[in-house]
Amino acid sequence: MTDLSLYRNIGIFAHVDAGKTTTTERILKLTGKIHKTGEVHDGEATTDFMEQEAERGITIQSAATSCEWDSHRMNIIDTPGHVDFTIEVYRSLKVLDGGIGVFCGSGGVEPQSETNWRYANDSEVSRVIFVNKLDRIGADFYRVVKQVEDVLGAHPLVMVLPIGIEDQFTGVVDLLTRKAYVWDDSGLPENYEVQDVPADMVDDVEEWREKLVESAVEQDDDLMEAYLEGNEPSIDDIKKCIRKGTIELAFFPTYCGSAFKNKGIQLILDAVVDFLPDPTQVKPQPETDDEGNETGEFAIVDSDKPLRALAFKIMDDRFGALTFIRIYSGRLNKGDTILNTFTGKTERIGRIVEMHADERIELDGAQAGDIVAVVGMKNVQTGHTLCDPKNPATLEPMVFPDPVISIAVAPKDKGGAEKLGIAIGKMVQEDPSFRVETDEDSGETILKGMGELHLDIKVDILKRTHGIDVEVGKPQVAYRETITQRIEDSYTHKKQSGGSGQFAKIDFIIEPGEPGSGFVFESSVTGGNVPREYWPAVEKGFKNSMDQGVLAGFPCLDFKVNLFDGGFHAVDSSAVAFEIAAKAAYRQSIPKAGPQLIEPIMKVDVFTPEDHVGDVIGDLNRRRGMIKSQEAGVTGVRIKADAPLSEMFGYIGDLRTMTSGRGQFSMEFSHYLPCPRNVADEVIKEVQERNKNK
C-alpha cells in the first residue's frame with residue numbers, strides 16, 4: 001500500500017511561449033528521469049513528441065509523465081498554451097490536484113494565462129506560480145506579481161526574490177530561510193551555492209518576508225495572536241500555514257527563475273512537495289445520477305473503497321488506443337472487469353502502463369491517486385466513468401465547448417474515402433472538441449474545431465499520420481428558401497399517346513407557414529372531384545419538390561398547401577399522374593409566391609476584456625449582428641448577440657486582433673431569417689456561376 005501523502009498530481013499550464021515544456025524538461029532532468037535535456041527550439045523536448053509539435057515548437061496535446069523528488073512521486077501533465085487547444089488544459093485540470101502556473105518574466109500575464117487561470121479557478125485547483133525567463137531582456141518579477149493581482153484578481157504569496165535581472169540574473173533569495181541560492185554560468189542545475197543574502201538586498205528581503213509571514217499566519221488564529229504579540233513563528237509552522245492557505249486557494253506561493261538556464265527549479269519542486277495537496281486533501285469528486293445531477297455521494301480517495309475512475313484522454317499511437325485514467329478510489333489490476341456507466345457495458349482490463357511521454361512502463365495494477373493509461377479499451381471515451389460493476393456510480397462528467405469554425409474536406413483520390421472515414425473516427429475519439437458531420441446538401445465531409453490552427457493541425461495529422469491527402473474547401477453556408485405571398489393556382493397534367501393515358505387536375509392554394517413549421521399539407525376537396533386515394537400522391541409530389549428551391553436550388557421551408565378542388569378521369573387517372581401534377585404545380589406556382597432566400601442566424605456569445613467592449617460591439621454591428629445583452633464579470637464582459645453565419649467566418653482571428661488575443665467566443669445555430677436583398681443577389685449569382693462551371 002503506497003502512502004498517498006507522498007503523491008502529487010500536478011499540471012503545468014501557461015500562455016504560449018511562457019516556457020511550460022522547458023520547465024517540464026528541467027524537472028525531469030533534475031529528478032533523474034532523463035539524462036539529456038531536450039530543447040523545444042531544437043524540436044527535441046521529451047513531452048512534445050508529435051511531429052507537428054517538434055516542428056512548430058508548440059505543445060498540441062497534453063503529455064503525461066511521472067518522476068520522484070524528495071521521496072515523493074509526482075505525476076506531471078504538460079499542457080498546451082495555444083487557445084485552440086484549451087480543451088487539453090480543461091480536461092487535464094479536471095483530473096489534477098495541483099498545478100504550476102508559468103508566467104513569462106517579460107510577457108507577464110498574457111491572454112491565454114487568463115483563460116487557463118479561469119479554468120483552474122472553476123476546477124478549484126491549488127497552484128504555485130513560477131515567473132520564468134527572468135534572464136530575458138525586459139524581465140521584471142515585481143511587475144508580473146502586480147499583474148497577477150490586477151489582471152487575475154489573485155493573491156500571489158512571494159516566496160523568493162530574484163538576485164539581479166536580465167543578463168545579470170544569477171539566483172534567488174529564499175525569504176523563509178533568508179538564504180541566497182546562486183548558480184554559476186555552467187547551466188547545470190546542481191552547480192549552485194547557498195550564500196548569505198547580498199548586502200544590497202537585506203532591506204527588501206525583510207520587507208517581503210514580513211508580508212509573507214503576515215499572510216501565512218492569517219491561516220491559524222493561535223499563531224496570529226502569538227505573532228501580534230511579537231513571537232516569530234517557526235519555519236515549520238509558517239510552512240503548515242502556507243500549505244493550508246494554498247490548498248484553500250487563499251493565496252498562491254510565487255517563485256521565479258529561468259528554466260532554460262536551470263536556475264530556480266529546485267525551489268519549485270520543493271514547493272510542490274511542501275505546499276500542493278496530496279490526493280486525499282482535495283475536495284472529492286461528486287457522483288451524479290443519469291441526468292447529471294449530483295447525488296450527494298462523493299468518490300473518497302481511498303484504495304479500500306470501490307473503484308471510481310475517470311477517463312480523461314484517449315490517444316491513438318503506434319501500439320493501439322491508450323485510455324488515460326485518473327483513479328479516484330479503489331484499485332485497478334490487470335484482468336479486472338470494470339463497468340463503463342455511460343455505455344452500461346463492462347470491459348476487461350488488459351495492460352496497464354505508466355506513461356513517460358510516448359514511452360511506457362508496464363504495471364500490474366494501480367490505486368487511488370494514480371494517473372495511468374490502459375491499452376486497448378474498446379468503447380471508452382473522454383469523460384466516461386469506470387467503476388466497480390458491483391458498486392456502480394457516475395462521476396461528474398466533462399463539458400466541452402462547441403466548435404466555432406468548420407471546413408469542408410474531400411480525399412484527393414477515389415480510394416481515400418474509406419481511409420478518411422476510419423482516420424477521422426479515431427481523431428474524434430481523441431479530441432472531444434473536434435466534430436465531424438456530412439453536409440446533406442453537398443455530401444461534403446465537414447470538420448469542425450476550435451480555431452483555424454486546430455483544423456490546420458487536424459488536416460496535417462490526416463496527411464502525415466494517416467497518409468491521406470485531402471482537398472480543403474471553404475465551408476458553404478446552408479441557406480434556405482421560403483415564400484412570402486399566398487397564391488391560388490391550378491394545374492392540369494394530360495398525356496394521351498395511344499394506349500392508356502395520364503390525367504390529373506389539381507386546384508390549390510399555397511401560402512407562407514409559421515417560421516419553423518416546415519411543410520404542411522391539407523385537403524378540403526368535396527364531392528369527390530379528386531378521389532381520396534389520390535390525396536397522398538399530391539402531398540408526396542409537393543413534399544419531394546421542396547428539396548429544390550426556385551431561386552438558387554436551396555431547400556424550401558415553411559409553406560402550406562391546401563388542395564381544394566380538381567378533376568380526374570375514370571380510366572386515365574392514377575396516383576403517379578397526380579404526383580407528377582403536384583411536382584409541376586410546385587415549379588409553376590412557387591416563383592409567383594414571392595420566393596425569398598433565408599439565412600442561418602447564430603446565437604453568438606463573446607467574452608472580452610472591458611477595454612475592448614466598444615470595438616467588439618461595433619464589429620458585431622458591422623457583421624449585421626443584433627446585440628441582445630451585456631453582462632459585466634470580474635475579468636471581462638460577456639456580450640450576447642444574434643448574427644448571420646455568413647458574416648462570422650474568420651471572426652475568431654478578428655476578435656483576437658481586436659482584444660490582443662484575450663477575447664473568446666462560442667456560437668450555435670438559432671433560427672433562419674430573410675436575407676437582405678444585396679446578400680441574396682450575391683448568393684444566387686454565386687450558385688449560378690458554380691452550376692455553370694459544373
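The structure is a predicted model. Its largest nonpolar core holds 74 residues, and another core, of 29 residues, lies apart from it.

**Helix pair H6 and H7**
- Helix H6, spanning residues 202–217, packs with helix H7, spanning residues 221–228, at an angle of about 140°, and their axes are 8 Å apart; the two helices are therefore oblique to each other.
- On the H6 side the contact is made by Glu210, Val213, Glu214 and Val217, while H7 contributes Leu223, Met224 and Tyr227.
- By residue class, this contact of H6 with H7 comprises 5 nonpolar and 2 charged residues, with no polar ones.

**Nonpolar cores**
- Within the largest nonpolar core, the residues that touch the most other members are Met74, Ile100, Met159, Ile242 and Tyr255, and helix H9 (residues 265–275) supplies the largest share of this core, with 8 residues.
- Not counting residues up to four places away in sequence, Met74 touches Arg8, Ile10, Thr65, Ser66, Cys67, Trp69, Leu269, Val272 and Val273.
- The separate core of 29 residues includes Leu597, Val606, Leu655 and Val683.

**Ser329**
- Ser329 belongs to strand S15, which covers residues 320–329, and it counts as buried because its relative accessibility is 2%, where the cut-off is under 20%.
- The side chain of Ser329 reaches the backbone oxygen of Pro306 at 2.7 Å.
- Beyond its neighbours within four places in sequence, Ser329 is in contact with Ile300, Asp302, Lys305, Pro306, Leu307, Arg308 and Ala368.

How values were computed:
Residues are numbered from 1 along each chain as its sequence is written. This is a predicted model: local features need pLDDT of at least 70, side-chain atom pairs count only at pLDDT 80 or more; totals for chains, interfaces and linings use all residues. Side-chain values use heavy atoms; hydrogens and water are left out. Axes are lines fitted to C-alpha atoms, for helices over the stretch in contact, and angles run from 0 to 180 degrees between N-to-C directions. Helices (H or I, at least four residues) and strands (E, at least two) are DSSP runs, numbered from the N terminus. Angles under 35 degrees count as roughly parallel, over 145 as roughly antiparallel, 65 to 115 as roughly perpendicular and the rest as oblique. Contact means heavy atoms within 4.5 Å. Ala, Val, Leu, Ile, Met, Phe, Trp, Tyr, Cys and Pro count as nonpolar, Asp, Glu, Lys and Arg as charged, and the others, Gly among them, as polar. A nonpolar core is a set of buried Ala, Val, Leu, Ile, Met, Phe, Trp, Tyr and Cys residues joined through side-chain atoms within 4.5 Å. Buried means under 20% relative accessible area, exposed over 50%, partly exposed in between (1.4 Å probe, protein chains only). A polar contact is a pair of N or O atoms within 3.5 Å; within protein, one must be able to donate a hydrogen and the other to accept it, and residues adjacent in sequence count only if both atoms are side-chain atoms.
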